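This report describes part of a protein model, a sheet and the helices beside it. Please look at the structure before reading on.

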Amino acid sequence: GHLEHDAPLATDVLATERSSRCCDEPLRVLGLFLSDGHHALVDVPAVLAHAVMPVVDCGSLGLGSWLIDALEAARSGLDTGQVTHLGIALVAAGSAKPQARDDVLTLAASWQRARGTPVRAAFASGPGPTITEALGMLADAGCQTPVLALLMLAPGVLADRVRAVGTEHGVAVTDPLLTAVAGGPAAPLVTRILELTTPPVL
């Protein structure tokens with residue numbers, strides 16, 4: 001369910017789910033968020049507080065090294081060829097929370113170590129570095145073919161903003177992670193969802 005804008009709303013799902021469930025286990029709820037922002041910390045708990053059945057809050061997807069396979073699969077879907085000076089700007093939505101920003105910087109550093117090529121963090125909103133600044137950092141590092149890797153799950157206003165900046169600079173942009181075909185970036189996401197929502201074996 002969705003918190004707002006799109007149907008079905010999470011509040012409606014939680015109000016009707018009781019009749020469709022076939023066991024007595026509590027409903028396990030996972031927020032499809034890559035950071036612990038306002039939605040994850042405030043909006044989801046508020047919705048769950050009004051659930052009419054037992055629920056377990058499984059938190060949110062979160063950032064971590066598990067995302068590297070998904071990001072790499074998304075990047076490999078671009079027609080960049082076999083370039084030797086590829087650099088990546090990892091573009092997150094942006095946050096005023098220092099911890100959320102630090103998590104993106106940490107992920108960028110982890111991806112850089114895994115690839116052995118420059119990866120710089122950028123943010124589509126809020127405090128920088130901006131996308132343009134990150135592209136400048138990649139140029140300074142000798143990258144001749146930069147790529148904008150979307151650290152976003154689904155299309156939306158911010159993803160469109162990133163794509164517009166990519167067009168302005170003549171830089172390829174990856175698709176949001178949830179728009180991938182089976183076996184692509186979606187596969188690590190499914191693994192992560194199962195990891196977080198599967199009840200422990202007693």
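How many bridges join strand β3 to β4? The model is a predicted one, and in it five bridges join β3, residues 86–92, to β4. The two strands run parallel. Within this pair, Ala92 stands opposite Phe123 of β4.

Strands of a sheet pair through backbone hydrogen bonds, either parallel or antiparallel. Here the sheet is open and has four strands, in the order β4-β3-β5-β6, with parallel pairing. β4 (119–123) and β6 (172–173) stand at the edges; each has a single partner strand, so one side of each is left without a neighbour in the sheet.

| Helix | Residues | Strands | Angle to β4 |
|---|---|---|---|
| α4 | 98–115 | lies across β3, β4 and β5 | about 155° |
| α5 | 131–140 | touches β3, β4 and β5 | about 165° |

Helix α4 has 18 residues. From its first C-alpha to its last, α4 reaches 26 Å, close to the 26 Å expected at 1.5 Å a residue.

Which residues of α4 are buried? They are Ala100, Arg101, Val104, Leu107, Ala108, Ser110 and Trp111. An α-helix has 3.6 residues a turn, so residues three or four places apart point the same way. The buried residues of α4 pack against helix α3 (67–76) and against strands β3, β4 and β5.

After α4 comes Gly116, which has a positive phi near 80°.

Note on methods
Residues are numbered from 1 along each chain as its sequence is written. This is a predicted model: local features need pLDDT of at least 70, side-chain atom pairs count only at pLDDT 80 or more; totals for chains, interfaces and linings use all residues. Side-chain values use heavy atoms; hydrogens and water are left out. Two strands pair if DSSP finds at least two bridges between them. Contact means heavy atoms within 4.5 Å. Axes are lines fitted to C-alpha atoms, for helices over the stretch in contact, and angles run from 0 to 180 degrees between N-to-C directions. The expected span of a helix is 1.5 Å times one less than its number of residues. Buried means under 20% relative accessible area, exposed over 50%, partly exposed in between (1.4 Å probe, protein chains only).
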